[in-house]
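Dear colleague,

I am passing on the structure we spoke about, with the sequence alongside. My notes on what turned up in it follow below.

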Amino acid sequence: MEASAMRSTPNLRIPGPTPVPQDILDAVAHPMVDHRGRPFAALIQRVTERLKDFYLTKQDVLILSASGTGGMEAAVANTLSPGDKVLVVSIGAFGDRFAAIADTYGAEVTSLPYEWGQAADPEDVRKALAENPDLKAVLVTHNETSTGVTNPLEPIAKVVREADRLLVVDAVSSLGAIPLDMDGWGLDVVVTGSQKGWMVPPGLAFVAMSERAWKANESASMPRFYFDLAKARDFLQKNQTPWTPAISVFFGLDLALEKMAAEGPESIHTRHANIGQMVREGVKALGLELLATDERYASNTVTAIRCPEGVEVSALRKMLEDDYNVVVAGGQARLSGKIFRFGHLGLVSEEDIRQALDALAQALPRVGYTIPVSR
Ligand SMILES: Cc1ncc(COP(=O)(O)O)c(C=O)c1O
């Protein structure tokens with residue numbers, strides 16, 4: 001991917017929104033069209049087909065005008081009824097958000113929480129399912145952006161399939177960048193958002209549902225109107241959306257998916273794996289500690305780094321932005337002030353990472369951290 005076009009703009013190393021290539025920004029500036037006209041219908045058909053190649057599904061991928069949280073809300077409200085019991089596997093802030101959404105809509109939530117920085121253990125999920133035979137669904141985050149940890153989704157899915165429950169997956173910061181096989185792994189609802197691995201501005205959420213999830217949808221009675229996925233599926237038959245969509249973002253998505261299809265999912269995954277490794281090696285070489293307790297589960301789209309003793313995260317972030325044009329994210333919720341996060345998904349090159357790591361190496365001593373000499 002061409003990243004040099006971004007060099008005059010900040011090196012945006014947050015885990016979304018990600019930098020958007022200039023040609024995609026230009027595509028976003030397309031004049032408005034009739035969203036019920038033939039050219040836009042052809043675009044909807046094209047992007048929907050291409051998204052299936054990344055989801056690895058035969059199901060429709062529905063495109064909602066919303067951020068990722070809207071997609072999570074749609075996933076819950078379209079498959080469950082008030083009073084349904086759900087297990088939420090939470091390894092961080094976005095797992096907790098899934099629980100909050102389910103709770104808000106009247107589900108009875110059982111939590112399987114982990115220390116932030118850890119991945120979930122499929123055997124714990126098996127145990128929780130055995131202990132709670134009336135659970136209807138399991139909600140899980142694939143890649144926990146708040147901690148930089150990727151859950152072992154395939155084995156978790158295997159356990160949930162064996163127990164024959166619905167598996168609802170927040171793949172907001174994974175899909176498109178980290179391998180996920182919706183049909184092959186037996187995932188029932190998979191949600192992602194345009195501003196993450198897709199190199200597109202925020203504004204669209206993608207949701208796909210399995211046959212099992214569509215069956216659940218028939219009797220699911222949680223309230224829904226704008227995010228009624230059955231309605232979205234009906235309109236997709238005509239290559240339309242029920243409501244006026246975020247047309248500009250669709251134009252960006254069309255070009256982004258064309259570029260991503262040309263690069264190919266496997267090569268995109270490999271690129272992210274290599275970049276993830278490069279970031280981890282780079283921060284460890286500075287004597288810094290990853291939040292991910294087991295590196296096998298360290299995320300290839302976002303790295304959470306413990307802030308060294310005596311350094312203020314806010315001072316470090318400010319210096320990186322003001323003096324080096326590098327923007328990194330802070331910690332969320334209980335990790336606020338304790339970590340900083342380095343996004344590396346979507347449009348990201350080794351050069352971007354090198355520049356950000358160099359900036360970090362220069363900024364850290366200026367905010368009170370001595371880089372160990374052994375590096
Ligand atoms: C794992 C995960 N889930 C959900 C969301 C929420 O998405 P949004 O901010 O687009 O609503 C995010 C965004 O950072 C995320 O990383």
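Please keep in mind throughout that this is a predicted model. I begin with Ile353, which counts as buried because its relative accessibility is 0%, where the cut-off for that term is under 20%. This residue belongs to helix α13, which covers residues 350–366. Leaving aside residues up to four places away in sequence, Ile353 touches Arg13, Ile275, Met278, Val279, Phe342, His344 and Val348.

The next item is a sheet. It is open and has four strands in the order β1-β12-β13-β11, with mixed pairing. The edges are formed by β1 (11–13) and β11 (302–306), each of which has a single partner strand, so that one side of each is left without a neighbour in the sheet. On average, and with direction ignored, neighbouring strands here are turned by 30° against each other. Within the sheet, β12 (residues 326–330) and β13 (residues 339–343) run antiparallel and are joined by two bridges, and Ala329 stands opposite Arg341 in β13.

Two helices deserve mention together with these strands. Helix α12 (residues 313–324) lies across β12 and β13, and runs at about 160° to β12. Helix α13, the one that holds Ile353, packs on the sheet as well, touching β1, β12 and β13, with its direction at about 85° to that of β1.

Elsewhere in the chain, helix α10 (residues 247–263) has 17 residues and reaches 25 Å from its first C-alpha to its last, close to the 24 Å expected at 1.5 Å a residue. Its buried residues are Ile247, Val249, Phe250, Phe251, Gly252, Leu253, Asp254, Ala256, Leu257 and Met260, and they pack against α1 (22–28), α2 (38–55), β2 (61–65), β10 (204–209) and α11 (265–285). Just after α10 comes Gly264, which takes a positive phi of about 90°.

Finally, the largest pocket has a volume of about 240 Å³. Its lining is made up of 19 residues, and those that lie nearest its centre are Phe94, Arg97, Val172, Gln195 and Lys196. The elements that give two or more residues to this lining are α3 (68–77) and α4 (93–104), and the largest share, three residues, comes from α3.

With best regards

Note on methods:
Residues are numbered from 1 along each chain as its sequence is written. This is a predicted model: local features need pLDDT of at least 70, side-chain atom pairs count only at pLDDT 80 or more; totals for chains, interfaces and linings use all residues. Side-chain values use heavy atoms; hydrogens and water are left out. The expected span of a helix is 1.5 Å times one less than its number of residues. Buried means under 20% relative accessible area, exposed over 50%, partly exposed in between (1.4 Å probe, protein chains only). Contact means heavy atoms within 4.5 Å. Two strands pair if DSSP finds at least two bridges between them. Axes are lines fitted to C-alpha atoms, for helices over the stretch in contact, and angles run from 0 to 180 degrees between N-to-C directions. On a 1 Å grid over the protein atoms alone, a cavity is a set of points where a 1.4 Å probe fits but cannot get out, and a pocket is an open set with protein on both sides within 12 Å along at least five of seven lines; lining residues have an atom within 4 Å of a point. Grid points are joined across faces, edges and corners, and a volume is the space filled by probe spheres set on the points.
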